[in-house]
Amino acid sequence: MSARGSAWILAVAGLAGACSMTLELSAVRLVAPWFGTSSAVWTNVIGVVLLALSTGYLLGARLSRGTRPERSLGWCLLLAAAATAWLPAAAGPVANWFRPSEVALDEAADLLQWGSLACALALFLPATLLLGCVPPLATEILQRSQARSAGDAGGRVLAVSTLGSIAGTFATTYLVLPGLGLTRTYVGAGALLVGIGFLALSRGSRTLGVAPLLLALPVLGAVAGSRLRAPDASTGWPLLDSAESAYQTLRVVEGEDGGRRMRRLQVNEGFDSFQSVWQENTGFLPDDYYYNLFALPPWWSEHAGVWRVFVLGLGAGTTWRVLEGALPRGMELKAAGAEIDPAVVALGERWFDLPRGDPARRVLSGWDARSALRLRTEACDEIVLDAYANQMEIPAHLCSREFFAEVREHLAPGGWLCINVGGFGLSDPVVEAVARTAADGFGRRLLALRVPFSRNCVLFVRAGADPPVPGGKGWYSDDDAVDARLSALAIEGAWRWFEPGSAPLLTDDENPIERLQRDSIRRGRSLWLSAP
């Protein structure tokens, strides 16, 4: 066979390599609505992919001993096509089996780790294993057709397959996923595998037969009906809108809380929590919402005129709306905020009254919080840190000593940093680690307040000054609504001081925040199980 006549097998190897990377890079995104995208989930998916590929290489080597390796290659590609194209439809039922929708956050630690592993094995092992059969079969075909040495044929196949994987990596991340979404990405990869599968079968036999055509029907069915189904919305909170962004799956739900009509923005695994919330009027939300505490620093400060706020992790703009209606009389809000996910901003404008084009409310859409902070030139009276990845994961670069030192430099004298930290009490490992680190970054003692009836704590630290002592001088205001909340926060057990210089600290170099978050969830579960 001529070099031109054998080019088809190299093309098949390259395209299969591209499809394998598409499958792998999209895998975490596919299970993110149930398990998030933490390093544990990534580790589980990558481990399953490597296991599947190594097993596929062995199976392909065994199949290559047959008399017609082209037919074996074609069948592997068609089976991989069917397993790939139906992944969006299968993801929901499989993930719900390993992570039921009614599970709460404090029960989720083991599910995130082992549930995501089991889900990855069930979903991604079959297709990836079959794609792993391609390189040894392609090498055998090339060696036989051109009487090449095994090393020469294998080297050519690996080179082309790797080039295909590189192309698939960049195309999936920058073109296919953003342009087509998950469902059409997987269905498109399945359709491509069907095409090269029939090409391989046609090279191995003059007549294809009925069986390969019947095997292509599931892929055609996936083209017509496959759809990724996200986890169900909370009971009693009907779904208003949903979106799939480059970062996460988003859901807007509406219901009632405390007699008020509310909307919530849920992301990815969701559990029993949410990222942003909306009510018809600006100002304080019901007592168990941590956003209310972001409105306290203006009442603790001898300040008049404009209150300059920068929100890192703006979400759909909840913090702005609370501050707008809860500031002291005569104080005007000038706000900016950074939100990394443009889809969140779009939903915020559509459902949460997030302003668009207002010079007094500047939205930095698509910006990472730390990068956006470095662009800030105007000193702030208050910086709010409420940045999470996938609902419950604090990004490591946003809770390091170096980052908090940068925040301090962007505050006016006496300015405040307020941090929302999810945790089960003031002795929670995440709360303690972030509080110690922020206090050290500012060189001032930090006040941690536990939000009533919630699993959130809000941390307060000032540039060049200390927060007021709970219940002491400077704690209360002249506003009855504000003082009612301050009284509840001043009771014993609702607050705690953290001093600078306490170790260990989180740094850009050493930051075990993901391990601490898993420890936090396990601690919360143990507290719940031991409760009377």
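The model is a predicted one. E9, E10, E11 and E12 belong to an open sheet of eight strands, and an open sheet of four strands is also present.

**The sheet of eight strands**

- The strand order is E7-E6-E5-E8-E9-E11-E10-E12, and the pairing is mixed.
- Strand E7 (361-365) and strand E12 (495-498) stand at the edges with a single partner strand each, so one side of each has no neighbour in the sheet.
- From one strand to the next, the twist of this sheet averages 15 degrees.
- Strand E5 (residues 306-312) and strand E8 (residues 380-385) run parallel and are joined by four bridges.
- Phenylalanine 310 stands opposite isoleucine 383, a residue of E8.

- Helix H10 (residues 318-326) lies across E5, strand E6 (332-339), E7 and E8.
- The direction of H10 is at about 170 degrees to that of E6.

**The sheet of four strands**

- Here the strands follow the order E1-E2-E3-E4, with antiparallel pairing.
- Strand E1 (239-244) and strand E4 (276-279) form the edges, and each pairs on one side only.
- The twist in this sheet averages 20 degrees from one strand to the next.
- Four bridges link strand E3 (residues 260-267) with E4 in the antiparallel sense.
- Leucine 265 has serine 276, in E4, as its bridge partner.

Technical notes. Residues are numbered from 1 along each chain as its sequence is written. This is a predicted model: local features need pLDDT of at least 70, side-chain atom pairs count only at pLDDT 80 or more; totals for chains, interfaces and linings use all residues. Side-chain values use heavy atoms; hydrogens and water are left out. Two strands pair if DSSP finds at least two bridges between them. Helices (H or I, at least four residues) and strands (E, at least two) are DSSP runs, numbered from the N terminus. Axes are lines fitted to C-alpha atoms, for helices over the stretch in contact, and angles run from 0 to 180 degrees between N-to-C directions. Contact means heavy atoms within 4.5 Å.
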